[in-house]
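Hi everyone, thanks for coming. Please take a moment with the picture before I start talking.

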Amino acid sequence: MAESTDSTATVASEATTASETGAASGPTTTATTSTGDAPTTAGPTVTSLPEPTGTGPDETSTSTGPIDTGPPDSTGTAGETMGEPVDPVAAVCERWAADRTDMSEGTWSGAVAGCMAGDTGAPGRDNALRLVNLYRWLAGLPPVGHDAALNAKAQQCALMMHAEGALSHDPDMMWACYTADGAQAAMNSNISSTPGVVAVDLYMVDPGNATTFGHRRWILSSALGPIGLGSTSVNSCMWVIGGQGGGGAEWTAWPPPGVVPLAAIHVPEVPWANVDETGWTIQSNDIDVGAAQVTIRENGVDKPVKLTTLQGGFGSNSAIAMTPQGWVSEAGKTYTVQVNGVPQPFSYDVQVVACP
């Protein structure tokens with residue numbers, strides 16, 4: 001089942017409808033918290049400035065597999081080439097810049113008139129997939145591909161949202177341009193009031209979804225893939241449920257361990273919200289992290305955070321959010337995250353850098 005959202009970036013487990021106002025660049029939405037329990041679907045919407053909204057499905061994922069290699073660690077010992085150690089900061093910044101060079105959405109070939117789903121322009125789908133895999137690479141997860149059949153259904157979903165001027169994971173049969181394929185995609189997708197490329201950044205910031213972070217958790221799910229990507233000039237749908245991905249990480253964090261561009265936390269394409277405002281997260285299918293005690297320190301100094309146990313089933317069995325209180329991430333600083341209250345306590349360092 002999919003989760004629907006209200007009009008601010010929220011992931012609610014009950015299927016709700018979020019009407020939106022504004023143009024393709026980002027309709028304004030009202031902030032709400034997510035409701036219901038998993039599995040359900042709900043997605044974020046955004047507030048402040050004309051903000052886009054998005055909603056994401058909720059479903060439990062259970063898959064195991066090999067852990068993919070992510071970026072080199074801060075010691076520079078991973079990914080050596082011809083005996084020369086890799087500079088982890090340079091490697092991460094190079095990948096971040098390269099994968100974000102082309103952020104174009106492409107040109108939608110369909111039209112609301114006549115309910116022509118058309119297709120998203122070729123650069124748009126490729127660019128959206130590249131961003132998904134960029135975020136997964138930073139988090140140490142394997143890349144995913146897209147599926148033609150899922151793309152086609154996601155495209156029908158995007159047309160329905162565009163034609164109706166609303167977001168819902170459970171669209172009524174009376175909706176403009178309703179199709180069974182589009183409705184099926186709505187139940188299984190993150191959905192957004194933006195085109196598909198910028199939607200990826202929006203899902204990772206995930207504003208308005210303080211009790212689920214469903215969009216982010218689905219993108220970082222070990223089970224993700226293949227996905228379906230559909231977009232009009234105004235709305236987009238990303239099919240995420242039912243994947244058979246091979247990620248085997250015991251836990252996944254955002255921001256992740258290692259080198260992290262400041263622009264991945266304060267994303268320029270989402271100026272009305274950032275990860276420090278919405279919250280850092282840890283998710284797992286294997287460990288119950290929901291009741292963990294988490295602290296964050298920088299240079300030995302405690303950085304206060306608000307802990308929130310997140311609803312299960314949104315891309316992972318359990319998850320917890322840590323929202324900074326009175327501080328923001330700064331380039332040039334390393335933040336140590338300590339996780340206690342789990343069978344095997346663990347810690348990791350987040351090295352924030354300013355990429356050129």
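Predicted model: local features only at pLDDT ≥ 70, side-chain atom pairs only at ≥ 80, totals over all residues.

The structure holds two cavities of 30 Å³ or more. The largest cavity has about 90 Å³ of space. Its lining is made of 15 residues, and the closest to its centre are Ala128, Gly196, Leu229, Gly230 and Ser231. Which elements build that lining? At least two residues each come from α2 (122-138), α5 (196-205), β6 (228-231) and β7 (236-239), and α5 gives the largest share, with four residues. By type, the lining of the largest cavity has seven nonpolar, six polar and two charged residues.

On to the second largest cavity, with about 60 Å³ of space. Among the residues that line it are Leu220, Trp251, Gln283 and Ser316. This lining counts three nonpolar residues, seven polar and one charged.

Now for the aromatic rings. Across the whole structure, a search finds seven aromatic pairs. Take Trp280 and Trp327: their ring centres are 5.8 Å apart and their planes stand at 70°, so this pair is edge-to-face. The two belong to distant parts of the chain, 47 residues apart, with Trp280 in strand β10 and Trp327 in the loop between β14 and β15. Are these two buried or exposed? Trp280 is buried, at 0% relative accessibility, and Trp327 is buried as well, at 9%.

Trp96, Tyr135 and Trp254 form one aromatic cluster. And the charged end of Arg95 sits over the ring of Trp137, 4.6 Å from the ring's centre.

Conventions
Residues numbered from 1 in each chain as written. Heavy atoms only, no water. 1 Å grid on protein atoms, 1.4 Å probe; cavity = no way out; pocket = protein on both sides within 12 Å on 5 of 7 lines; lining within 4 Å. Points joined across faces, edges and corners; volume = space filled by probe spheres on them. Nonpolar A, V, L, I, M, F, W, Y, C, P; charged D, E, K, R; others polar. Phe/Tyr/Trp six-rings, centres within 6.5 Å; stacked < 30°, edge-to-face > 60°. Buried < 20%, exposed > 50% of the residue type's maximum accessible area, 1.4 Å probe, protein only. Lys NZ or Arg CZ within 6 Å of the ring centre and 35° of its normal.
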